[in-house]
Amino acid sequence: MVNIGIIGVGLVGSELISQLSAHISQNGTPTFKVIALMNSTKQLLGNSSYSSLTLSSWKNDLSAKGTTSNLNSFINYLSEAPTPSIVIDNTSSQEIADSYPLFIEKGLHIVTPNKKAFSSDLKLYKEIREKAAEKRRFIYHESTVGAGLPVLSTLTDLIRTKDKIIKIEGIFSGTLSYIFNEFSKLDGEKKKFSEIVKIARENGYTEPDPRDDLNGLDVARKVVILSRLTGKDLSLDTLPVENIVPESLRTLDSATEFMASLTQYDEYFQKLNTTANNDQQVLRYIGVIDPIGDKSEVKLVSLSSSHPFAALKGSDNIISFTTERFPSPLIIQGAGAGAAVTAFGIFSDLFKISDRT
Ligand code: NHO
């Protein structure tokens, strides 16, 4: 039995608890036991014999019986449990990411969809990798790229088996996938760029401020994560990223002001689209990883309508690996956003650790 401690019980964390709960109630001998939960204000720890929390009432229990969040006591409790323990970081906190070396020191394995530890400071990234190897702890973060799609596991398998990675490229943002799949197509109804961003925002596909999607940082983080896995020390500050937020709208105070002003740029985006469409092409926002040279980048491109990225639907992601063994690329495609598939990626990582401990 593997102990689980969950930090972050928002959209993804709550969905993960539902998935874990179904697994636990349907298995006579479940693999996992959730013994600790924490959000930014409260934490709920099990008893001194580390028995499972009652998952059917976790929300009420956390708010009614929870004590003030304290990362040190949370981690100490988890690390003192007698069987292997995994800490799951479902936050987007840099502070929690900075604590991974401590988690490893305390003997914990880590699973997370939080991109910060793998795409921020290179020193932190290396420290985590070195410590994990030294202490023989596992760190899995499949959901940091392509939600639950098997992107990192595929890349790891290619690297381990000594295939030579020539290029990785893809549509890595569910939000930007949706926006350009809707905006830039050769047939069907044509809508204005600002209208599509508005619909995406109203449906909860974008961040509360859509500039946080359109500035490319989320895609850049994913490119850095993949690049570092290939062994290339890429960093956010050296990666060329095309920010498609019009310059004059970047300093506006609120998302509401941004949305209202975006209409001024409909003509600009329409022009780009018409130019592409006239050549039987569509616009797509892509990330490119160049493990051999220095051509990794994040940018808006025009692609032929016969390109695999042009046929994408909804908020799907698509990732293409060109390697020595796969000169005709190995392509992974499917739902790349949303709580259900993100939690699935986390859940499948838990099994990878339980199989190895
Ligand atoms: P929420 O809903 O804001 O929840 C965050 C939780 O963390 C809350 O319980 C909060 O109290 C707690 N928390 C924050 N700071 C804390 C601290 N210092 N100590 C303790 N607790 C703290 O966030 P989400 O949406 O549940 O996201 C959680 C993590 O998953 C983030 O790192 C996020 O980047 C990652 N993630 C989320 C999604 C998603 O569906 N929401 C996806 C991938 C990764 O594939 C998904 C997606 O849509 C990707 C993207 N939007 C795209 O491609 O367009």
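**Close-up 1. The crossing of helices α8 and α12 is right-handed in this predicted model**. A crossing has this hand if the near helix is turned clockwise from the far one by less than a right angle. The axes, lines fitted to C-alpha atoms over the stretch in contact, come within 10 Å for α8 (residues 151-160) and α12 and cross at roughly 20°. The two helices are therefore roughly parallel (angles under 35 degrees between N-to-C directions, on a scale from 0 to 180 degrees). Val151, Leu152, Leu155, Thr156 and Ile159 of α8 meet Ile225, Leu226 and Leu229 of α12, where contact means heavy atoms within 4.5 Å. Seven of these residues are nonpolar, one is polar and none is charged.

**Close-up 2. The largest nonpolar core has 70 residues**. Such a core joins buried Ala, Val, Leu, Ile, Met, Phe, Trp, Tyr and Cys residues (under 20% relative accessible area, 1.4 Å probe, protein chains only) through side-chain atoms within 4.5 Å. Helix α12 (residues 217-229) gives the most to this core, with six residues. Phe103, Ile179 and Phe180 have the most contacts inside the core. Not counting residues up to four places away in sequence, Phe180 touches Phe193, Ile244, Leu283, Arg284, Tyr285 and Leu300.

**Close-up 3. Asp61 lies in helix α2 (residues 58-65)**. Asp61 is buried, at a relative accessible area of 13%. Leu44, Thr54 and Gly66 are touched by Asp61, not counting residues up to four places away in sequence.

Residues are numbered from 1 along each chain as its sequence is written. Local features need pLDDT of at least 70, side-chain atom pairs count only at pLDDT 80 or more, totals for chains, interfaces and linings use all residues, and side-chain values use heavy atoms, with hydrogens and water left out.

Definitions and conventions: Buried < 20%, exposed > 50% of the residue type's maximum accessible area, 1.4 Å probe, protein only. Helix = DSSP H or I, 4+ residues; strand = E, 2+ residues; numbered from the N terminus. Parallel < 35°, antiparallel > 145°, perpendicular 65-115°, else oblique. Nonpolar A, V, L, I, M, F, W, Y, C, P; charged D, E, K, R; others polar.
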